[in-house]
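Here are a few exercises to work through with the model open beside you. Try each one before you read its solution.

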Amino acid sequence: MADELKKPYSSLDAKPNADSLIKPGELVDLVEVTPLTLNDRRIYNLMLEHAWEEIDKPVVHHISKATLRGTHNSNDRIGDSVERLMRAIVKVSVLKDGEPAIERVQLLGGNIELEQPDGMLYYEIPRALRKIIKNSTVFARLQKEVMFALSSKYALTLYEMVQKRGNLRFKSSEKFKLEELRGILGVPKGKLTTWSNLNLRALAPAVDEVNALSDYNVSMTPYKEGRRVAGVVLEWTRKDAAGQSAADREIEYSKVGRKARLEGRVEQVVETPQIKPRPAWLERAGESLRSETYETAKLRFPGYDIYHVESEWRSWAADREPPRDADKAYLAFFRTFAERNPI
């Protein structure tokens, strides 16, 4: 019917790809009653990604511990994070009978971890959270390379907040009361109680990292009520091509010395690895990636045949939607390949 209302776009209609994952907006702006760590948040994002195809259904999902472990050699952190996620209670803004409401839910349900180091973790998404995700119409698309490059949970949360809001057509700023912002960032009770400490220890470093590594320029400007700082105005603008290229380069650099680079105290010197010519047989699989991408792969994953991994990536991606950025997609695939095929 011509006058029939169009069904709103669902977050579930968005699809993860090799270099990015989807996070429902309700899980971006949630308030942590039980504070989580940076590693907890990364692990949870990966669990959401692997459950995404059936995340609104009452099924048991699974993910390899190697994927969750990342570059760490021990599974201990996985168990600690899973237990914190099971205990975590969060407050989510929802609508109940058309009225704004707060719903308190658990982030993670029951799970089974196989004991072998390279085993699987089987887990469930709680029923109340499945319903929230099913009804979600706003989401953040998170670039995995950025997620793993950010060095604090405050920076990761700010990045998620901006990614959720970045594509809004008629909005480029939003006000947050300080207590609201503390809750979203997961600042523990009794910590960073003054504006100066909160800004110095959490907000300013997070803004610097997000500006350096993401596709957006971000600022947080305090505003006062009387003589007291009452909140901040978050503003975001998408970077131009030069700004995005600079962010891509910073992601490729080591985290060591990043703070000094962001403050302009050192000049970055990178030793360029020797890269052998791309083999002729690979030309049939697709166009060559940027030379900097192969250099980055060689630096990040020494000992691996970068062209063999490219072949594996192209075979894996053959029946999937082409990535927005092939170079980022290759490096993201390389990370997972290296985790699953250690040398």
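For the classes used below, Ala, Val, Leu, Ile, Met, Phe, Trp, Tyr, Cys and Pro count as nonpolar, Asp, Glu, Lys and Arg as charged, and the others, Gly among them, as polar. This is a predicted model, where local features need pLDDT of at least 70 and side-chain atom pairs pLDDT 80 or more, while totals for chains, interfaces and linings use all residues. Numbering starts from 1 along each chain as its sequence is written, and side-chain values use heavy atoms, with hydrogens and water left out.

**Exercise 1. Work out which residues line the second largest cavity, and how they divide by class.**

Start with the term: on a 1 Å grid over the protein atoms alone, a cavity is a set of points where a 1.4 Å probe fits but cannot get out, and lining residues have an atom within 4 Å of a point.
- Step 1: the volume is about 100 Å³, taken as the space filled by probe spheres set on the points, which are joined across faces, edges and corners.
- Step 2: the lining includes Glu 145, Asp 248, Arg 290 and Lys 328.
- Step 3: sorted by class, that lining has eight charged, two nonpolar and one polar residue.
- Step 4: helices H10 (241-252), H13 (291-300) and H15 (326-340) each give at least two of the lining residues; helices (H or I, at least four residues) and strands (E, at least two) are DSSP runs, numbered from the N terminus.

**Exercise 2. Now find what lines the largest cavity.**

- Step 1: its volume is about 120 Å³.
- Step 2: of 14 lining residues, Lys 23, Leu 27, Leu 30, Glu 32 and Arg 41 lie nearest the centre.
- Step 3: H2 supplies the largest share of this lining, three residues.
- Step 4: the classes come out at eight nonpolar, one polar and five charged.

Notes. On a 1 Å grid over the protein atoms alone, a cavity is a set of points where a 1.4 Å probe fits but cannot get out, and a pocket is an open set with protein on both sides within 12 Å along at least five of seven lines; lining residues have an atom within 4 Å of a point.
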